[in-house]
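Welcome, and thanks for taking a look at this one. Here is a short briefing to read alongside the sequence and the model.

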Amino acid sequence: MGASRCRRHGDGRAGHGIQPVLGIRFWCAVARPVGSRSLRRLDPVEVKLYGTEESVYTRIVRLVLLAKKVEFALIEADPFEGGVLPEDYDLRHPFKRIPAFEMDGVRLYETDAIVHYVDAIIDPKLTPGDSLVAAHMRQIMRIVDNYAYAPLVWGIYVPVWWRDGLEPSDEAVGKARHVLGVIEGFLDSSPDACFNQQTLATFYLAIVLAAADSVTQGTALIDERLRLREWWNGFRMTPIMTKTRSKHTKF
Ligand SMILES: N[C@@H](CCC(=O)N[C@@H](CS)C(=O)NCC(=O)O)C(=O)O
């Protein structure tokens, strides 16, 4: 989440996220025979991620990089009111949003483009091999972008957490309830797209559930979906989730 546009409603909890790294660290990718941009063992590659610890979209990329054991520098870029963006940030992201990404000279923005690129060149794969399951994975990612992010994050989490307990609107609650029901349906129709194994969709879903589950109104909505709740209670405690948690979400 951003900074002072929705000024922090701090609760005194200590942050458990990765601290922004001001220097550049290197990682070594395991050799894989995929495409011309495959990285050879011990190739030192600079991976820079621009964003903030509390940004939900930046967290998706952090989760993907950690799932692939890629070390990266998290470079503070805060597009919200009162925040600071690195000089020439518009060259990295013409719409001045976060995250923006650079790896081995390749610059990308838009979370979807970043995570698909990373997934294409670094193991382990987070896209299912089966075409239909992969389509369901993408479907869930777009559902999160288009129908879950706004009600769960901006409609439920932001008012309560960042704006001193402002009550979410009935409209936001209704839309959140609907999208959680749709997402839970994938546990029956295509569990491998998101739930039975880690895919790109797992991380898209996790970041909006983490925000919603940080406030009582969101917790109650997830509680209505027993199977989704059961899955989420397990996933929210995984090491990559606790490693990427900022002090502004409970999970
Ligand atoms: N479509 C973008 C959305 C990214 C996004 O909305 N990021 C938020 C932070 S989580 C942001 O930069 N907000 C700044 C703003 O709205 O001005 C993506 O998938 O990367």
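How far does helix α6 reach from its first C-alpha to its last? The model is a predicted one, and in it α6, which covers residues 200-212, spans 19 Å. That is close to the 18 Å expected for its 13 residues at 1.5 Å a residue. The helix is also mostly covered, with 13 of its 13 residues buried.

**Confidence**
- The protein chain has a mean pLDDT of 87, and 82% of its residues reach 70 or more.
- Please keep an eye on residues 2-36, where the pLDDT is below 50. Beyond near neighbours in sequence, this stretch still has 79 contacts in the model.

**Overall fold**
- The protein chain contains nine helices and five strands.
- Following the sequence, these elements come in the pattern β-β-α-β-α-β-β-α-α-α-α-α-α-α.
- The chain has 251 residues, and buried residues make up 40% of them.
- Among contacts with a separation of 6 or more, 71% join residues 24 or more positions apart.

**Val56, a residue in helix α1**
- Val56 sits in helix α1.
- Is Val56 buried or exposed? Val56 counts as buried because it has 26 C-beta neighbours inside 10 Å, and the cut-off for buried is 20 or more.
- Val56 and Val153 lie 97 residues apart in sequence, yet their C-alpha atoms are 8.7 Å apart in space.

**Leu166, a residue in a loop**
- Leu166 belongs to the loop between α4 (131-162) and α5 (170-189).
- Why does Leu166 count as exposed? Leu166 has 12 C-beta neighbours inside 10 Å, so it falls in the exposed class, whose cut-off is 12 or fewer.
- Leaving aside residues up to four places away in sequence, Leu166 touches Pro159 and Val160.
- Ten residues separate Leu166 from Ile156 along the chain, and their C-alpha atoms are 9.2 Å apart.

Methods: Residues numbered from 1 in each chain as written. Predicted model: local features only at pLDDT ≥ 70, side-chain atom pairs only at ≥ 80, totals over all residues. Helix = DSSP H or I, 4+ residues; strand = E, 2+ residues; numbered from the N terminus. Expected span 1.5 Å × (residues − 1). Contact = placed C-beta atoms within 7 Å. pLDDT = per-residue confidence, 0-100.
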